[in-house]
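Colleague: I have just opened this model and would like a guided tour. Could you show me how to read its features, one at a time?

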Amino acid sequence: MADTVLYEVSDGLATITLNRPEAMNALNIAAKVALRDAVQAAAGDDAVRAVLLTAAGERAFCVGQDLKEHIGLLAADRETGSGQTMSTVREHYNPIVRALAGMRKPVVAGVNGVAAGAGFGFALAADYRVVADTAAFNTSFAGVALTADSGISWTLPRVVGPGRAADLLLFPRNIKAQEAYDLGIANRVVPSADLRGEAEKVARALAEGPTMAYGAIKEAVAFGLSHSLEETLEKEDELQTRAGSSEDHAIAVQAFVNKEKPKYLGR
């Protein structure tokens with residue numbers, strides 16, 4: 001992996017760290033490629049049972065597209081007529097969001113600072129967000145005459161409701177940590193100095209949990225958001241039947257009977 005993104009696996013937890021603090025973890029091409037590759041590697045690795053997505057530095061989680069690089073790419077597009085610059089949505093952002101939201105294991109975002117544009121979208125694609133009390137979120141797209149990407153037109157209305165999502169997309173502003181918590185964007189707000197430790201604690205607890213059940217929960221919730229009650233009940237039956245035959249379920253039931261803490265295998 002390029003050093004714009006750090007990737008480490010330890011005891012079932014993959015930690016992916018955006019590593020351009022000097023640029024507020026803005027996404028240049030190298031960072032987007034490295035992040036896409038890291039997230040896809042975590043999704044496909046059976047040894048990984050949970051993912052922590054976080055960032056270096058204290059100012060920013062990710063401020064989205066690196067506009068300094070972007071302006072040069074736009075100029076080159078105008079000269080060649082290629083229109084290649086905006087293919088980054090298809091080539092980078094979409095695969096990153098698909099992997100984060102779709103992997104059958106939990107993803108925790110440790111939001112240490114500003115999450116704007118695609119950075120906001122990536123945080124929303126995670127299953128759980130631990131947020132520093134100094135952090136903020138901003139859709140930012142309309143501020144640079146762009147529409148939503150990185151899945152945010154799908155995720156944000158489902159978190160805050162369509163009316164509030166329209167407000168935040170049409171009139172971008174900083175959503176501070178407490179408001180983010182009140183809106184449901186942040187699951188937990190902690191002091192900035194404690195952010196990395198608390199986010200890792202949450203992610204490690206999930207890495208030690210029933211991975212197959214967590215994957216089924218993610219699938220069930222995503223399915224239920226776009227299907228009828230009857231279809232969702234059928235999906236729940238399918239997923240519960242699968243979870244009920246897992247080794248982890250047998251371990252959990254035996255541990256409950258023995259009044260012990262279960263030690264899950266993730267299968």
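Modeller: Happy to. Let us begin with a pocket lining: in the second largest pocket, eight residues are nonpolar, seven are polar and one is charged. Please keep in mind that this is a predicted model.

Colleague: What is the volume of the second largest pocket, and which residues are closest to its centre?

Modeller: Its volume is about 260 Å³. There are 16 lining residues, and Gln-65, Leu-67, Phe-141, Val-144 and Leu-146 are the closest to the centre. Helices α2 (67-80) and α3 are the elements that each give two or more residues to this lining.

Colleague: And how much space lies in the largest pocket?

Modeller: The largest pocket holds about 690 Å³. Its lining has 28 residues, with Ala-101, Ala-126, Asp-127, Lys-218 and Val-221 closest to the centre. Two or more residues each come from α3 (88-102), α4, β7 (128-132), α5 (152-160) and α9 (211-224). The largest share belongs to α9, which supplies seven residues.

Colleague: How do the residues of that lining divide into nonpolar, polar and charged?

Modeller: The lining of the largest pocket has 16 nonpolar, five polar and seven charged residues.

Colleague: Which domains does the lining of the largest pocket draw on?

Modeller: Both domain 1 (5-208) and domain 2 (211-258) give at least three residues to it. Those two domains are what the domain assignment gives for the chain. Their centres, taken over C-alpha atoms, are 27 Å apart. Contact between them involves 13 residues of domain 1 and nine residues of domain 2.

Colleague: Now the sheets, please. How should I read strand pairing?

Modeller: The general idea is that strands of a sheet pair through backbone hydrogen bonds, in either a parallel or an antiparallel way.

Colleague: In which sense do β1 and β2 pair?

Modeller: β1 (residues 5-10) and β2 (residues 13-18) are antiparallel, with six bridges between them. You can follow the pairing residue by residue: Val-9 is opposite Ala-14, and Ser-10 is opposite Leu-13. The two strands make a hairpin with two residues between them, and Asp-11 in the turn has a positive phi of about 50 degrees.

Colleague: Where do the side chains of a strand point?

Modeller: In a regular strand, they alternate between the two faces of the sheet.

Colleague: What is the strand order in the open sheet of four strands?

Modeller: That order is β4-β6-β8-β9, again with mixed pairing. The edge strands are β4 (60-62) and β9 (175-176), each pairing on one side only. Between β8 (residues 136-138) and β9 there are two bridges, and these strands run antiparallel. Look for Phe-137, which stands opposite Ile-175 in β9.

Methods:
Residues numbered from 1 in each chain as written. Predicted model: local features only at pLDDT ≥ 70, side-chain atom pairs only at ≥ 80, totals over all residues. Heavy atoms only, no water. Pairing = 2+ DSSP bridges. 1 Å grid on protein atoms, 1.4 Å probe; cavity = no way out; pocket = protein on both sides within 12 Å on 5 of 7 lines; lining within 4 Å. Points joined across faces, edges and corners; volume = space filled by probe spheres on them. Nonpolar A, V, L, I, M, F, W, Y, C, P; charged D, E, K, R; others polar. Domains from an automatic or database assignment. Contact = heavy atoms within 4.5 Å.
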